[in-house]
Number of protein chains: 2
Amino acid sequence: MTRQQQQEQLRAYIEDGLSLPLYEELSQLHPADAAELIAGLTPAEIARYVELVGPKEALPVFEFVPFLVQKDSLEHLSRQTLAQLMSLMSPDDRADLVEELDDAFQERLLSLLLKSERQNVLKLINYPEDSAGAHMTTAYALLHPDSDVKSALEEVRLQAPTKETIYYIYVVDSSRQLLGLVSLRDLIMSPPRSRVRDIMKKQLISVSAEEDIEEVAKLSSRYDFLAVPVVDAAGRMVGIITFDDLYDVIAEEATEDMYHLANLDTDEKVSSPWQRSVKLRVPWLLGNLGTGLVAAYVVSLFAETIHQVVALASLMTIVALLGGNAGNQSLTVVVRALALGEIKLARNWPVLFKEVAVGLANGLIVGLVIGVISFLWYGNPWLGLIMWLALVGNLVIAGLFGAMVPIVLRKLKLDPALGSSIFVTTATDVGGFFIFLGLATLLLPRILAP
Amino acid sequence: MTRQQQQEQLRAYIEDGLSLPLYEELSQLHPADAAELIAGLTPAEIARYVELVGPKEALPVFEFVPFLVQKDSLEHLSRQTLAQLMSLMSPDDRADLVEELDDAFQERLLSLLLKSERQNVLKLINYPEDSAGAHMTTAYALLHPDSDVKSALEEVRLQAPTKETIYYIYVVDSSRQLLGLVSLRDLIMSPPRSRVRDIMKKQLISVSAEEDIEEVAKLSSRYDFLAVPVVDAAGRMVGIITFDDLYDVIAEEATEDMYHLANLDTDEKVSSPWQRSVKLRVPWLLGNLGTGLVAAYVVSLFAETIHQVVALASLMTIVALLGGNAGNQSLTVVVRALALGEIKLARNWPVLFKEVAVGLANGLIVGLVIGVISFLWYGNPWLGLIMWLALVGNLVIAGLFGAMVPIVLRKLKLDPALGSSIFVTTATDVGGFFIFLGLATLLLPRILAP
């Protein structure tokens with residue numbers, strides 16, 4: 001059956017109110033796949049599906065439906081189903097969803113929740129977008145340090161149905177101070193009489209709710225954590241961030257850096273309507289136009305030289321192109337290393353020196369090749385020499401700015417990738433044209449009479 | 001205590017053969033942090049550390065030590081310790097390590113292993129670098145479908161010490177055919193008398209050992225898998241890939257795309273010696289030189305026009321710069337969408353049309369701004385008009401090639417990011433210069449006498 005046929009089938013079941021075949025059809029699929037089919041229906045149909053199979057059965061699928069579709073279908077649900085569905089949702093997904101709603105509906109929905117649920121939502125939606133708090137779930141399993149292993153296992157069994165994971169269980173005292181971690185593996189392998197206090201890991205890495213989620217991803221990847229506990233300023237446990245959210249975070253952070261290096265807004269997607277893409281890209285292009293105008297102005301200063309040796313107009317494009325290319329190489333290496341935590345703050349200088357050294361060496365090698373080609377092309381050794389020198393100079397500039405710009409942005413607590421390629425291109429374009437045309441002007445008599 | 005002091009401390013313990021304080025000092029740290037300290041010692045010192053605390057105690061730390069350091073220290077170990085250490089290592093780490101050794105030492109080491117271990121290593125090192133097989137571990141937990149839950153739990157307890165994870169347990173028949181999956185969560189929550197067969201998930205997603213590891217990461221991220229089972233061509237289970245390896249895979253695949261877009265070799269690291277970086281970058285710069293030469297040649301065709309209107313040499317740099325920038329925007333959006341699986345193969349055309357439409361709109365908007373500036377700068381309306389038209393043309397080229405190049409590379413089963421920016425830059429540089437200087441040549445009389 002094709003996707004379309006499957007969707008038609010679902011639609012027919014929904015129209016006829018056939019809840020059992022509907023449920024059975026979808027339960028054969030992984031919830032993520034079922035959600036993809038469901039997401040193709042209208043919001044009213046999705047709501048009717050939730051009503052038909054019941055919020056509890058629909059939830060695993062509903063959680064995989066994209067946000068915007070979820071949001072639209074909520075408005076078609078009955079008061080009662082809506083309240084049940086929201087109570088059943090995992091706290092982090094529920095908060096993310098509520099945050100998307102317009103004020104009136106948000107108000108109405110919050111009034112349907114229990115007081116504790118409402119407070120939970122309000123707490124979660126107050127964390128800044130890229131913080132650990134905004135990505136955590138409050139549905140984590142807890143144990144008391146004085147339980148023995150046997151009763152702890154019983155306790156975990158009871159907690160399991162409502163918890164995001166029971167593979168890491170956190171040990172807290174009566175004021176929710178985080179004391180340690182017990183994995184379910186440790187728990188089932190320890191003698192039943194042991195105390196949780198004695199088998200728990202005490203040296204525990206936790207993050208504050210304000211911590212940048214990117215740092216949490218770095219920690220998890222370094223230590224192979226399945227989940228990371230989040231604590232408030234007083235060291236009280238407030239949530240956990242689990243591996244599946246980190247898959248997305250790691251991919252998103254990389255997308256963010258790639259987009260910033262390419263002068264793209266991170267709100268853009270391949271599926272954005274073209275009008276939106278235009279709106280998001282034009283400001284960046286206008287920013288680059290600034291670079292272009294400065295470079296064009298530098299060239300215009302040497303109009304007289306170019307008028308006498310038009311070959312310069314042709315050759316200068318190579319100087320700018322390769323400078324931009326080399327600058328982008330240095331920039332990308334340094335931005336990625338900063339993102340992955342491969343450069344410690346104290347060790348910026350070696351990175352800067354290295355990129356300048358690489359620029360110098362590349363300039364000498366590639367510049368020599370270009371110099372010889374230019375000499376052979378125009379039969380003028382002085383043009384060849386100037387090309388060589390300009391390439392050396394511009395590739396040193398490329399290495400210097402390619403490394404320096406992201407490091408300085410980082411020192412200023414800004415995103416090392418954001419806008420950095422505009423700075424670097426300005427440096428290599430302006431620098432390249434200035435060195436090349438400046439040298440040509442100085443050596444003009446030699447070029448004209450080699 | 002600073003890091004250096006800690007290292008001196010460790011060194012002193014090792015020299016004096018004080019195994020107990022050495023072990024205690026390190027066991028206070030997370031193995032990843034302990035490994036960072038250990039990795040700063042000489043290979044001989046590391047080997048002596050392993051001998052002193054014993055391979056079993058040293059292993060958790062040793063596994064986090066970087067490959068190259070592990071490798072060097074192995075040669076200093078006694079025969080017996082070496083054999084023990086290798087037996088204890090997890091199968092995937094062991095295979096990765098053996099693969100790095102030179103032939104003679106590899107031979108010697110394999111002869112120390114049990115036959116089954118040796119066969120396991122030889123099997124794992126034969127998978128291609130980016131395949132699921134090369135990333136999987138063979139240390140996974142297994143159950144028989146006819147066990148009841150009580151005995152299954154007992155079985156899991158027995159398997160736990162040697163398995164990478166016991167949170168997903170795979171159900172296989174006597175010929176290792178993969179039948180289903182039971183999570184430890186399901187197991188501890190099910191009645192003790194239930195059969196594994198009845199509680200297991202039967203609709204299971206598995207990958208073949210030859211599958212690209214990038215696809216495995218995509219699957220896990222889509223379905224929130226903690227581990228993915230790997231099967232051979234006959235459907236027999238051969239290994240699993242766990243979440244912690246996928247953290248690294250997701251980050252590495254993103255790095256690979258970023259590097260390819262910036263014309264960098266993926267073997268390069270920020271910590272590579274400068275000579276190596278030069279060696280890896282020069283070929284890419286020479287590749288770009290090809291682009292530069294073609295563009296320069298196009299410019300040289302219009303030498304006579306430039307000679308008459310030198311302002312063209314200045315303005316043409318803006319056309320090329322913005323074309324390159326817009327092309328890079330389209331390229332990055334499409335490459336990232338392909339990598340994240342956001343573009344289905346059948347839906348290439350809408351993406352292409354959209355990027356061309358965005359290019360057209362951006363060209364009309366940004367080109368108008370540049371056109372007006374050029375007009376005001378040089379007081380020549382015809383120069384302004386030509387700039388506008390050239391920008392429109394070049395940004396359409398940018399959108400077209402930026403979307404088409406990665407899509408075509410993908411259709412040819414090549415990496416959509418690899419080398420694509422060279423193609424796109426060639427298109428925008430050559431196209432931009434040709435349109436701009438071509439229009440200027442056609443309208444030369446008008447420009448000279450506006």
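In what order do the 3 strands S4, S5 and S6 of chain A stand in their open sheet? I will come back to that in a moment, after a few words on what we are looking at.

This is a predicted model, in which local features need pLDDT of at least 70, side-chain atom pairs count only at pLDDT 80 or more, and totals for chains, interfaces and linings use all residues. Residues are numbered from 1 along each chain as its sequence is written, while chains are lettered from A and ligands numbered from 1 in the order in which they are written.

Let me begin with the whole chain. Chain A has 23 helices and 6 strands, where helices (H or I, at least four residues) and strands (E, at least two) are DSSP runs numbered from the N terminus. Its C-alpha atoms fill a box of roughly 95 × 60 × 40 Å, taken along the principal axes. The radius of gyration of chain A is 30 Å, whereas a compact globule of 450 residues would have one near 22 Å; the radius is taken over C-alpha atoms, and the globule rule is 2.2 Å times the number of residues to the power 0.38. The domain assignment, which is automatic or from a database, divides chain A into domain 1 (3-126), domain 2 (135-259) and domain 3 (274-448). Between the C-alpha centres of domain 1 and domain 3 of chain A there are 53 Å.

Now back to the opening question. The order is S4-S5-S6 in chain A, and the pairing is mixed; two strands pair if DSSP finds at least two bridges between them. Strand S4 (207-208) and strand S6 (237-242) of chain A are the edge strands, each pairing on one side only. S4(A) runs parallel to its partner, strand S5 (residues 227-231) of chain A, over 2 bridges, and Val207(A) stands opposite Val230(A) in S5(A). Helix H15(A) packs on this sheet, touching S4, S5 and S6 of chain A, and its direction makes about 135 degrees with that of S5(A). Contact here asks for C-beta atoms, placed from the backbone, within 7 Å, and the angles run from 0 to 180 degrees between N-to-C directions, with axes fitted to C-alpha atoms, for helices over the stretch in contact.

There is another open sheet of 3 strands in chain A, with the order S1-S2-S3 and mixed pairing. Strand S1 (140-143) and strand S3 (178-183) of chain A each have a single partner strand, so one side of each is left without a neighbour in the sheet. S1(A) pairs with strand S2 (residues 165-172) of chain A in the parallel sense over 3 bridges, and Leu142(A) has Tyr170(A) in S2(A) as its bridge partner.

Finally, how do the two chains relate? The contact takes 89 residues from chain A and 89 residues from chain B, and on the side of chain A that touches chain B, H19(A) gives the most, with 17 residues. Of the interface residues of chain A, 100% are also interface residues in chain B, so the copies meet through the same surface.

Note on methods
Two residues are in contact if their C-beta atoms, placed from the backbone, lie within 7 Å.
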